[in-house]
Amino acid sequence: MPNRRTMLPGDKMPTAWYNIMADMPNPPQPYLHPGTQEPLTPDVLTPIFPMSLIEQEVSTERWIDIPGEVIDALRQYRPTPLHRAYRLEKMLGTPARIYYKHEGISPTGSHKSNTAIPQAYYNKQAGIKRLATETGAGQWGCALSLACNWYGMDCTVYMVKVSYHQKPYRKTMMRLWGSDVIASPSNLTNAGRAVLAENPDSLGSLGIAISEAVEDAATHNDTNYSLGSVLNHVLMHQTVIGLECIEQMDMIGEYPDVVVGCCGGGSNFGGLIFPFLGQKFRKEARKDTQFIGVEPAACPSLTRGEYRFDYGDVAKTTPLVKMYTLGHNFMPAGIHAGGLRYHGMSGLISQLVNEGHIEAVAYPQNPVFDAAAMFARAEGIIPAPESSHAIRGGIDAALKAKAENKEKVILIGLSGHGFLDMGAYESYIDGNLQDFELPQAELDKALNELPIIP
Ligand SMILES: Cc1ncc(COP(=O)(O)O)c(C=O)c1O
């Protein structure tokens, strides 16, 4: 029996990030200025981002060197293992070979450190003293808190209120690493106060928390803003995941037929699939691999949203991105996968879905937690509710392979562990987990508020 885990030697860790923009069949859509709706110029972003990251955002170079200091910091937990899910395969009785890439072993518990570390590094290089950010489930806030701590910067995290109460220990972790954590919407910003004036009981959303963090950064000279997903440079930083997977699968003579990941803003999924998709675009791939993004039925941007220009936040302060969106005013139900409660999606992932290179599916909470429980029992690892969406997609691909009696190779992105999500698991075990149906009328209302851009 081959190894359960394939470990990459430390010296095989990637030394450059892969930029899919070099190989996409069509150039990416430009961002537009939120006020003028004209293509964005870099000077608009300099008040909140360092120039090095703005350059990465628009670069079309295929490979971008990872600074030595960042490689050194990433070595704290990278390369991450690639597991073969033997017990899960047996439980499902499938002829498929199931693999998962385990990003949950990072100190902060998820893939988010892969971009938090370089973002903190580049901001420090630019002389920035503090970063402001949003967080949903708290995974991103934890990752940026630790990275800021490592580089001697302060960090302010606007945490979506529903998660602030659902996941109090995430807040403690961020505070332990030295951050200020504020429940969003808060009364500290104009954006937060505007939401509270309209709805004092607002559960918050990533779109609102982003508005608060951007406003904080834009109104303080020594402070920049940092985003944990959606942007091109964030997805590029995450390509260490897929690049390692290619090497690890090579070591055991495998190549995936199906790659599955969960999609919030698209960063772990993009990081996992872009290196494989790049091989496909360059006609170097060993197989005609299928790429499947999985999202919650309660926040289904890829499967029920429209491919339109929209703002990334509620206060309409971010650039307009052409993406699958539910509308910047869309308020998702308080599902436990807080990191997937975002109205939009990465522009790169959106374009690749629109052009037919990536497929998307959506599941309600209960089937996702059924998959998580099955995985936890078989593999021992308790997955984050977000990552459990990918597991559901991977299990369904394995069951399809069983029905068709095909020996498919399935690769799942396990983006994080769920040790701090016991409240969610407790509800699931007690049968109290609610599935939220998203009524079309509610969706239409949010979509009607989208900006009209020719
Ligand atoms: C464990 C985990 N997976 C996935 C996500 C979704 O983000 P993204 O789509 O950017 O990977 C999050 C976001 O918080 C997360 O915490």
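Which residue with a positive phi follows H16? Asn405 does, with phi near 50°. Before the close-ups, a word on the model and its numbering. This is a predicted model, where local features need pLDDT of at least 70 and side-chain atom pairs count only at pLDDT 80 or more, while totals for chains, interfaces and linings use all residues. Residues are numbered from 1 along each chain, as its sequence is written.

View 1. H16 runs over residues 385-403. Helices (H or I, at least four residues) and strands (E, at least two) are DSSP runs, numbered from the N terminus. H16 is mostly covered, since 14 of its 19 residues are buried. Here, buried means 20 or more other C-beta atoms within 10 Å of a residue's own, exposed means 12 or fewer, and partly exposed is in between, with C-beta atoms placed from the backbone.

**View 2. The shell around the ligand.** The ligand is surrounded by 21 residues, and the closest are Gln139, Ser229, Gly264, Gly339 and Gly416. A residue counts as near if its C-beta atom, placed from the backbone, lies within 6 Å of the molecule. Helices H5 (139-150), H12 (267-281) and H16 each give two or more residues to this shell. H12 gives the most, with three. Sorted by class, the shell has seven nonpolar residues, 13 polar and one charged. Nonpolar covers Ala, Val, Leu, Ile, Met, Phe, Trp, Tyr, Cys and Pro; charged covers Asp, Glu, Lys and Arg; the others, Gly among them, are polar. Domain 1 and domain 2 each provide at least three residues of the shell.

View 3. The chain is assigned domain 1 (5-10 + 67-109 + 233-448) and domain 2 (113-227), with bounds that come from an automatic or database domain assignment. Their C-alpha centres lie 23 Å apart. Across the boundary, 36 residues of domain 1 are in contact with 32 residues of domain 2; contact means C-beta atoms, placed from the backbone, within 7 Å. On the domain 1 side, H2, H10, H11 (240-251) and H12 each supply at least two residues. H2 gives the most to that side, with four.

**View 4. Helices H8 and H9 crossing.** The axes of H8 (residues 190-198) and H9 (residues 206-218) come within 7 Å and cross at roughly 145°. Axes are lines fitted to C-alpha atoms, for helices over the stretch in contact, and angles run from 0 to 180 degrees between N-to-C directions. H8 brings Asn190, Ala191, Gly192 and Val195 to the contact, and H9 brings Ile208, Ser211, Glu212 and Glu215.

**View 5. Two cis peptide bonds.** One joins Arg78 and Pro79, with omega about -5°. Pro79 sits in the loop between H2 (68-74) and strand E4 (82-84). Another joins Ser184 and Pro185, with omega about 10°. Pro185 is in the loop between strand E8 (180-184) and H8.

View 6. Val230 is not a glycine, yet its phi is near 70°. The loop between strand E9 (223-225) and helix H10 (232-237) holds Val230, which is buried, with 26 other C-beta atoms within 10 Å. Lys316, also not a glycine, has a positive phi of about 60°. Lys316 lies in the loop between strands E12 (306-311) and E13 (320-325) and is partly exposed, with 17 other C-beta atoms within 10 Å.

Notes. Two residues are in contact if their C-beta atoms, placed from the backbone, lie within 7 Å.
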